[in-house]
Amino acid sequence: MLTSRLPDKVEPYKLAARAEHLEGLVSLDGFVRLAEAVGPQSGDCRVWLDFGVDAQGQREIRGRLEADLQLPCRRCQSPMAQQVESEFHLGMVTSDALAAALPSTHEPVLVENEQLNLLEVIEDELILSLPQVVYHDEADCRVSRDQLSSGVEAEHSVAPAASPFEVLKRLKGKS
Ligand SMILES: [Zn+2]
């Protein structure tokens, strides 16, 4: 059971050199971009991080997160509980050029002035791990199949949601 809070910022190269393990909770209500994507959230995201240096000398973070989110049902738009979890493998880089050179096994994270904003990293991973679409079971949904105008299958009558990747790109473009 995790009880401690994850620090907002860390010095990732030092942590990698010492092969440190960090774990803790992050408040979901502080994630503005997540809220823009799927509505306001409460509670905590549970995070486990292992810092290290791989055989090629790449400083890396192997991580895992879990969160209980309230995601809007694509049919009726009211929130439904959904557990999201993700495992990720990050390579630390200090520039975009180095990010491009990173092997495809690692996802780049930018380290500036020896600092890494952990909250941003966790929020990015959380957005990437969102399911494409969620639906209530028909019995629980406020919009029943009968209420849908066309005779088409309910799942096909709703416009497809933007993928989490597109959402993330769009949100990142804004800042
Ligand atoms: Zn619904």
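Predicted model: local features only at pLDDT ≥ 70, side-chain atom pairs only at ≥ 80, totals over all residues.
Let me start at one turn of this chain: β4 and β5 form a hairpin with 6 residues between them, and Gln77 in that turn has a positive phi of about 70°. Residues are numbered from 1 along each chain as its sequence is written.

Back to the turn, then. Gln77 is not a glycine, and yet its phi is positive; the residue lies in the loop between β4 (59-72) and β5 (79-93). Is Gln77 buried or exposed? Gln77 is exposed, because it has 10 other C-beta atoms within 10 Å, where exposed stands for 12 or fewer such atoms, buried for 20 or more, and partly exposed for anything in between, with the C-beta atoms placed from the backbone. A second case is Glu114, also not a glycine, with a positive phi of about 65°, and it sits in the loop between β6 (107-110) and β7 (116-117). Glu114 counts as exposed too, since it has 11 C-beta neighbours inside 10 Å.

Now to the strands around that hairpin. β4 and β5 run antiparallel and are joined by 13 bridges, and two strands are said to pair if DSSP finds at least two bridges between them. Across this pair, Pro72 stands opposite Pro79 in β5, and Arg64 stands opposite Glu87 in β5.

Which strands make up the open sheet? There are 5 of them, in the order β2-β3-β4-β5-β6, with mixed pairing. β2 (21-27) and β6 stand at the edges, each with a single partner strand, so one side of each has no neighbour in the sheet.

Taking the whole chain, there are 6 helices and 7 strands, and along the sequence they follow the pattern β-α-β-α-β-β-β-α-β-β-α-α-α. Buried residues make up 23% of the 175 residues.

Let me finish with the interior, and with helix α4 (residues 118-128), which is mostly covered, 8 of its 11 residues being buried. Among those buried residues are Leu118, Val121, Ile122 and Leu126. In the largest nonpolar core, which has 29 residues, Cys45, Val47, Ile122 and Leu126 touch the most other members; such a core is a set of buried Ala, Val, Leu, Ile, Met, Phe, Trp, Tyr and Cys residues joined through C-beta atoms within 7 Å. At least two residues of this core come from each of α1 (12-17), α2 (32-38), β3, β4, β5 and α4, and α4 gives the most, with 5 residues. Which residues does Cys45 touch, not counting those up to four places away in sequence? Cys45 touches Leu25, Val26, Leu28, Leu65, Ala67, Ile122 and Leu126, contact being defined as C-beta atoms, placed from the backbone, that lie within 7 Å.

Terms used: Helix = DSSP H or I, 4+ residues; strand = E, 2+ residues; numbered from the N terminus. Contact = placed C-beta atoms within 7 Å.
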